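Hi,

Here is the structure I promised to pass on to you.

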Amino acid sequence: MAVDETSKIILGNKRFQGSINLDGSEKVVLEQTVKEQVEYERYLDVNLQEVFDYERQKSTTFRPITKFSMIFKNAYSGVTSYFPYYNYLYYSNLIENTQNSVCFPNAPISWSGFPQYTEFDFIRNDNSLYGYTSGPVNHQLFVNKSASTYNWNHYISYAFDNDFSKVLYLNDPEKIITWFWVAGDGIPFYILDVNDDFIVFKCPIKHGLAVSNFVELTITYNGNNYFEVSSLGGTGYGSDEYIFSIDNVGYLGATFSVGVTGTLKKVLNLDNISETTSKYYVKIHKIISNPQDATLVNSGYEQSIYNIIKQKELVYSGGTPLQALSPPSCPRTSVLEGSQNYTLSFNIDFDINNLIDNQKRPVTELFFTTVWKGYFGWTNKLKEGFAFNGYLDGPNPNWWWDTTNNLSDSTLSFSSYFPNNPTGLFPCFYTNDLISGDTIEGDFCEWNDYEQLERVISKKIHKFTFNQNYFVPSNPSPPNNKYGYYYYPHSELKIRDYSPYVEEADALNVINIPSYAFYSNLSDGFRFRDIYPYGYIDSDGFGVDYPFTNGTHYPFKNTIFRVFSEGIGVQNITTIEDPLIDECE
Amino acid sequence: MSVNKYKLLVPTDDRQVDIPIEIKWDFTDRDQAIDVYQAGVVQDIIGAPSDFELVRFSHNSYLSANTNSQVTKIFYEFYFFDTGQTLSNSASWINSYLTEGFSSLDVYSYSKPFTKSFFKLDFYDKKEDSDQTIYFTVILPVQQGYFDIVTISNYLQNVQIRKPKMGLDFVGDKEGFFIYWLRDTGYIDLDEFYMSAKFFDARLGIFVRMMNTTQSNFPGNYYNFDSDNYFYYKMKLDYTNKTYEVFSTLTNNRVGDEINPIRWYEYVNP
């Protein structure tokens with residue numbers, strides 16, 4: 001209160017002549033313009049843990065690292081008459097080949113064997129093979145700097161878009177059923193059985209349904225194509241993931257007949273079909289690194305649990321000068337399968353700030369994307385498909401991989417060259433390098449707005465086969481659809497995690513609703529999953545806790561990179577990974 | 001129709017009605033502003049996190065005179081002084097471990113005194129030894145390098161033994177090929193280093209200092225020379241391409257290729 005210091009307080013009759021005493025009052029305004037500082041705001045202890053967490057949550061920079069354990073079975077022997085190739089095979093029929101070469105020195109000779117492991121290894125080390133990687137007449141002069149990029153290239157990518165129109169193909173060789181459909185149509189099915197109680201559907205891939213869900217079918221009964229799932233599974237263990245049934249309430253006609261095929265979509269609630277119907281698509285990844293950004297090195301002395309398989313190629317010492325049974329006239333050891341592990345890191349940082357994933361949410365997953373390059377010319381151009389295309393059709397590879405099927409041609413670009421060796425008369429193909437900003441297809445997935453959940457239905461696979469102009473595999477598959485090797489190009493790396501629950505929020509009463517929230521008319525509010533902060537892992541194991549230092553996150557994972565070989569009699573090496581959720585759960 | 005004595009006149013000027021609206025307000029989010037300020041103060045006090053991460057630098061490619069192609073191999077040659085010779089003769093420095101005192105059998109059989117020996121490359125910020133700081137060291141083990149053919153017994157065939165000449169690359173001998181240094185220049189902003197070399201002789205337990213030319217080049221007084229120029233090579237980092245190149249401190253020409261390898265000669269003390 002401001003007080004005029006010249007004022008005096010006196011009795012009323014003292015004010016002037018004739019004045020009287022009266023009760024008086026003075027209004028005191030309780031007005032405060034300053035506030036006492038609370039002590040803790042002036043004296044603040046610096047809490048290292050808080051500062052660390054503050055910096056950690058604020059940082060959007062990542063340095064992803066993975067350790068690759070390559071699991072590879074060198075499955076296909078073959079024959080080649082191309083000089084630089086047959087000089088360095090892992091021979092499988094050396095004695096007979098040598099006899100032929102001695103007895104018929106002027107006849108063209110084919111040598112039998114396997115390409116050595118270095119043709120598939122992550123890092124080549126055969127930089128001094130005379131006539132192949134060195135010497136005046138070579139197949140391709142080896143550049144040491146490219147040792148880790150001749151066979152494979154490694155990138156970082158993230159899913160940034162969806163392709164609903166991707167044409168997919170699947171066949172069930174037992175039922176002689178094939179499906180051609182576009183990804184956005186959902187999941188294929190056929191009617192397995194019709195009885196008095198149920199109509200039983202079987203899907204060749206996991207349907208992702210639960211009891212009391214609905215399915216939107218491409219077949220219609222009296223104008224209705226929505227049906228409630230009444231039960232899951234058939235007689236086989238685990239068949240609930242592939243078989244579902246709807247009640248047969250007495251449907252007439254041939255709509256629901258055994259063998260009828262179509263596609264389906266999952267619907268959660270018929271009261272709002274548009275919100276609760278799943279969407280199906282193929283993810284599109286964007287590459288955010290360049291080949292030279294990747295640093296691939298031996299992972300110390302670490303090797304996979306499988307032994308190196310090698311053999312000493314025999315030497316014939318009867319001649320002068322020393323003459324080898326194997327074409328190069330010096331003894332050597334050839335390697336069929338190796339076991340070296342590798343560590344992949346990048347010499348650039350990845351800032352995910354402002355990156356939005358394929359569901360328009362902040363990026364929570366990065367991918368180690370590995371692409372077969374095949375620079376040394378042993379293989380044809382890559383083919384692409386999904387895991388459901390990997391099954392054999394009888395003894396032969398799935399029709400999808402046939403050279404006449406353009407739909408399986410890779411969307412990646414290729415180049416070719418003619419070998420430096422003049423006997424190399426045919427082009428050698430290799431996959432061009434991807435650069436930052438390029439796109440590459442990913443997995444076949446399902447997304448449901450209401451659940452705010454993405455499910456991988458089938459993983460993307462790449463397949464490569466041998467270039468038969470140079471190396472003819474001895475396996476019995478047809479010439480235009482040979483056995484080959486396939487692999488999963490994308491290995492996900494979770495950098496943040498969404499909550500397992502779905503938040504529901506009324507915009508009037510809840511603040512900080514994230515921008516990626518989905519507004520549902522059905523629940524009259526926003527629906528979204530929380531993104532857990534870095535370093536927090538809930539009781540169910542959701543969340544991530546990677547090292548944070550240098551102002552940067554260091555997400556890490558062990559990657560088992562399997563190169564599958566296909567065909568009858570081919571034994572793929574099996575690996576056991578820890579299940580996230582096992583059958584008991 | 002009802003009538004009264006009131007009449008409504010059209011005003012000749014603008015009228016307004018004051019509606020008192022009481023607003024009791026305060027700055028919103030004042031507390032959050034304090035939090036932001038507080039975080040800023042804390043950062044001023046303890047500093048922002050520095051980036052101490054290393055990145056791998058490899059030898060930059062050059063046009064090979066042998067293959068006429070771009071190659072990355074870096075060549076080192078180490079010459080030891082033959083104590084039976086004179087300093088005036090440049091041929092007194094020989095590219096062999098035998099000159100240093102190892103026997104052929106030591107080198108051939110990888111005896112412990114031999115395998116425990118190594119070359120030590122030290123990298124400084126300056127070449128003036130009175131005012132320099134060592135930042136990192138690279139070790140070149142004697143188990144890598146090219147070969148000489150020698151006789152170890154009259155009853156055996158000649159054998160190959162290592163010689164102190166190394167060609168380091170992405171493939172093959174690569175220990176010491178890569179330089180690991182800070183990827184971010186925010187903490188230490190250096191892109192030039194001066195490389196000196198020593199040989200640790202585990203047989204004698206001593207370090208042998210090396211220089212970039214023979215002392216025979218200093219006739220008159222073999223010990224009187226400018227140490228700033230003769231004990232170092234310059235190594236330059238390229239942070240963009242993550243490569244390095246090595247230059248002579250005498251000519252400033254690039255060295256390290258097969259024609260002009262990085263040559264180190266034993267320095268003979270007076």
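In chain A, 72% of the contacts with a separation of 6 or more join residues 24 or more positions apart; two residues count as in contact if their C-beta atoms, placed from the backbone, lie within 7 Å. For chain B the corresponding share is 58%. Please keep in mind that this is a predicted model, in which local features need pLDDT of at least 70, side-chain atom pairs count only at pLDDT 80 or more, and totals for chains, interfaces and linings use all residues. Residues are numbered from 1 along each chain as its sequence is written, while chains are lettered from A and ligands numbered from 1 in the order in which they are written.

Chain A has five helices and 38 strands, and chain B has five helices and 17 strands. These are DSSP runs numbered from the N terminus (helices: H or I, at least four residues; strands: E, at least two). Of the 585 residues in chain A, 32% are buried; in chain B, buried residues make up 27% of 270. Here a residue is buried if 20 or more other C-beta atoms lie within 10 Å of its own, exposed if 12 or fewer, and partly exposed in between, with C-beta atoms placed from the backbone.

Chain B has a radius of gyration of 36 Å, whereas a compact globule of 270 residues would have one near 18 Å. That radius is taken over C-alpha atoms, and the globule rule is 2.2 Å times the number of residues to the power 0.38. The C-alpha trace of chain B spans about 145 × 40 × 40 Å along its principal axes.

Chain A is assigned domain 1 (65-163 + 285-494 + 555-565), domain 2 (187-277) and domain 3 (501-530), with bounds from an automatic or database domain assignment. The centres of domain 2 and domain 3 of chain A, taken over C-alpha atoms, are 31 Å apart.

The largest nonpolar core holds 67 residues, and A:Ile156, A:Phe201, A:Val215, A:Leu366 and A:Phe444 touch the most other members. Domains 1 and 2 of chain A both contribute residues to this core, so it lies between them. By nonpolar core I mean a set of buried Ala, Val, Leu, Ile, Met, Phe, Trp, Tyr and Cys residues joined through C-beta atoms within 7 Å. A second, separate core has 37 residues, including B:Ile74, B:Phe75, B:Phe177 and B:Ile179.

Helix α4 (residues 94-103) of chain A is worth a look too. Its buried residues are A:Leu94, A:Asn97 and A:Thr98. Seen down the axis of α4(A), they fall within an arc of 100°, so they line one face of the helix; the arc is that of the directions from the helix axis to the C-beta atoms. The face of α4(A) turned away from the buried side carries the exposed residues A:Ile95, A:Glu96, A:Gln99 and A:Cys103. Among the elements covering the buried residues of α4(A) are β4 (90-91), β5 (111-114) and β17 (309-313) of chain A.

Where do the chains meet? In all, 16 residues of chain A are in contact with 24 residues of chain B. Helix α2 (residues 48-58) of chain A gives the largest share of the chain A side, three residues.

Best wishes
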